[in-house]
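Subject: Structure handover, cavities and a pocket

Hello,

Please find the structure below, followed by notes on what was found in it.

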Amino acid sequence: MASSCLFNASVSSLNPKQDPIRRHRSTSLLRHRPVVISCTADGNNIKAPIETAVKPPHRTEDNIRDEARRNRSNAVNPFSAKYVPFNAAPGSTESYSLDEIVYRSRSGGLLDVEHDMEALKRFDGAYWRDLFDSRVGKSTWPYGSGVWSKKEWVLPEIDDDDIVSAFEGNSNLFWAERFGKQFLGMNDLWVKHCGISHTGSFKDLGMTVLVSQVNRLRKMKRPVVGVGCASTGDTSAALSAYCASAGIPSIVFLPANKISMAQLVQPIANGAFVLSIDTDFDGCMKLIREITAELPIYLANSLNSLRLEGQKTAAIEILQQFDWQVPDWVIVPGGNLGNIYAFYKGFKMCQELGLVDRIPRMVCAQAANANPLYLHYKSGWKDFKPMTASTTFASAIQIGDPVSIDRAVYALKKCNGIVEEATEEELMDAMAQADSTGMFICPHTGVALTALFKLRNQGVIAPTDRTVVVSTAHGLKFTQSKIDYHSNAIPDMACRFSNPPVDVKADFGAVMDVLKSYLGSNTLTS
């Protein structure tokens, strides 16, 4: 009886036209908490909020987890999610609980996390906008996280106690004012700095979800002895940090001598069991899939669709940061290609649930030395051919056989998307240009900026188009490439925007001469 009576009440009071909450958020967010309508045995309706409406005062002996437990509602959670085959044929009934350890469908295809959209649609777009906005920047467990502030859309059934979070997300949306005006003639260019996160990359967004679910499975006594991944650097950093926080063993397969020292040291410092393997990322990926099929080690790569549930929240954040106005373009670097689909999924959920009325066009940017998606796109989406990726400064996307190729193609077709590529010189020049205007970006962001240069020059992106470039990792992880560039130490590269230090004697006159030459005598005498 209770389930059949769920949501048997009107939610018309959530109409923002009838309520000033959108303009005066401080007046009352309480009446906009999710409301569950359940039924007693005699059929009477009982209303109960998913979250406690009136938050009791903080007790000094509580930590934030204790406080969350104390304030927890006893209401029935109406939201749920499950695994289904990705892009399944109409009428497919194949599905799996998120508590099952499964990575592929029966046919061997990818899986996707499917939410109960009808339950989510019981609340209108204005409600979801206000709920998500009300949680931003708070210390309330776990909703202060940029990921878990959207918990109902991510892992709706997980207990707050099982969540492993570093309050990731909520990353800076940087107005690239000088870069846009000086190099592109644009005044509405933005860079979403996903690398300003716990371990310095967007991978934190997905890993908090995956490790939280593993934490739940281990508490359920499921056979999971640890979590493993193949990595070009950032995945291993995120996995090891979140596993260390939860006390879960992590195992990392890294391609030997193919990642930066800053990326290598993170999993080592976090206590991961690190295997340096004489192969490339694709070889590591093949091995980890074989190993996790034989040992009770949970697979953490983006083949696992839980990762994408966290990564999609960056798209929702972008909309939040524009006060729910949709940008014209979003440009994402692509390697294993899960992230381009994750962004599409975040935007699409917002459209389907009425938070926005459209989605942006998306661009996937690849390094020319590892560009299987670009070649597939240029062939008119004919038969995809994996490749052996060559060395690239954008090492995190040095992937020739991307796991999420089908996801990426689906997303790009649905949003009328584009794929572009960047040569090594183009991506390094773009990185140096961005850095010279106050940014400090990774080479992968240089790939995305190169795509922007090309699309602007072709007239595809207009000077007034609101454009967001996704920066996937922090520039501090790639300092050696910057040192080599500014030292003019990269063979066969002009390094046009290098800015090497000037050697000068420790002498007043010598220093003055150098400064006068740099500043110009007219500047000093005017």
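Thr 232, Pro 255, Lys 258, Ile 259, Asp 280, Phe 281, Ser 395 and Gln 398 form the lining of the second largest cavity. A cavity here is a set of points, on a 1 Å grid over the protein atoms alone, where a 1.4 Å probe fits but cannot get out, and lining residues have an atom within 4 Å of a point. The second largest cavity holds about 40 Å³ of space, a volume being the space filled by probe spheres set on the points, with grid points joined across faces, edges and corners. Its lining has 3 nonpolar, 3 polar and 2 charged residues (nonpolar: Ala, Val, Leu, Ile, Met, Phe, Trp, Tyr, Cys and Pro; charged: Asp, Glu, Lys and Arg; polar: the others, Gly among them).

The model is predicted: local features need pLDDT of at least 70 and side-chain atom pairs count only at pLDDT 80 or more, while totals for chains, interfaces and linings use all residues. Residues are numbered from 1 along each chain as its sequence is written, and side-chain values use heavy atoms, with hydrogens and water left out.

The search of the whole structure found 3 cavities of 30 Å³ or more. The largest cavity has a volume of about 300 Å³. Of the 26 residues that line the largest cavity, Phe 202, Lys 203, Gly 335, Asn 336 and Ala 396 lie nearest its centre. Helix 8 (234-246), helix 11 (306-311) and helix 13 (338-352) each give two or more residues to this lining; helices are DSSP runs of H or I with at least four residues, strands are runs of E with at least two, and both are numbered from the N terminus. Helix 13 has the largest share, 3 residues. The largest cavity lies between domain 2 (171-197 + 326-342 + 351-477) and domain 3 (224-294), because both give residues to its lining; the domain bounds come from an automatic or database domain assignment.

Helix 13 also lines the second largest pocket, giving 6 residues, the largest share. A pocket is an open set of points with protein on both sides within 12 Å along at least five of seven lines. The volume of the second largest pocket is about 570 Å³, and among its 25 lining residues Asp 112, Val 113, Glu 114, Tyr 341 and Tyr 410 lie nearest the centre. The lining divides into 12 nonpolar, 6 polar and 7 charged residues. Domain 1 (63-160) and domain 2 both contribute to it, so the second largest pocket lies between them.

Regards
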